[in-house]
Amino acid sequence: MKRVLPLALIAFLCTTLSSCELVGGIFKAGVWSGIIIVVVVVALLIWILAKVFGGGKS
């Protein structure tokens, strides 16, 4: 019974999920995560450079 359950689960997922759809979803999540990380890093660098070079002095 312990061997049948994982095999049945894999068979169920293989028949219900389209592999192209699954891979496409993974890549979309990866692209958007990468874009968000790059934007955050660039914003952080700009903020640090502004603090270091006195961009916020009154």
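Q: How much accessible surface does the protein chain have?
A: Accessible areas come from the Shrake-Rupley method with a 1.4 Å probe; for residues, only the protein chains shown count as cover. Here the protein chain comes to about 5600 Å². Carbon and sulfur atoms hold 79% of that. This is a predicted model: local features need pLDDT of at least 70, side-chain atom pairs count only at pLDDT 80 or more, and totals for chains, interfaces and linings use all residues. Residues are numbered from 1 along each chain as its sequence is written, and side-chain values use heavy atoms, without hydrogens and water.

Q: What share of the residues counts as buried?
A: Buried means under 20% relative accessible area, exposed over 50%, partly exposed in between (1.4 Å probe, protein chains only). Of the 58 residues in the protein chain, 0% are buried.

Q: How many helices and strands are there?
A: Helices (H or I, at least four residues) and strands (E, at least two) are DSSP runs, numbered from the N terminus. The protein chain has 2 helices and 0 strands.

Q: Does helix H1 lie in the open or is it buried, and why?
A: H1 lies largely in the open, because 0 of its 13 residues are buried.

Q: Where is Phe-53?
A: Phe-53 sits in the segment after helix H2 (19-52). Its relative accessibility is 69%, so Phe-53 counts as exposed.
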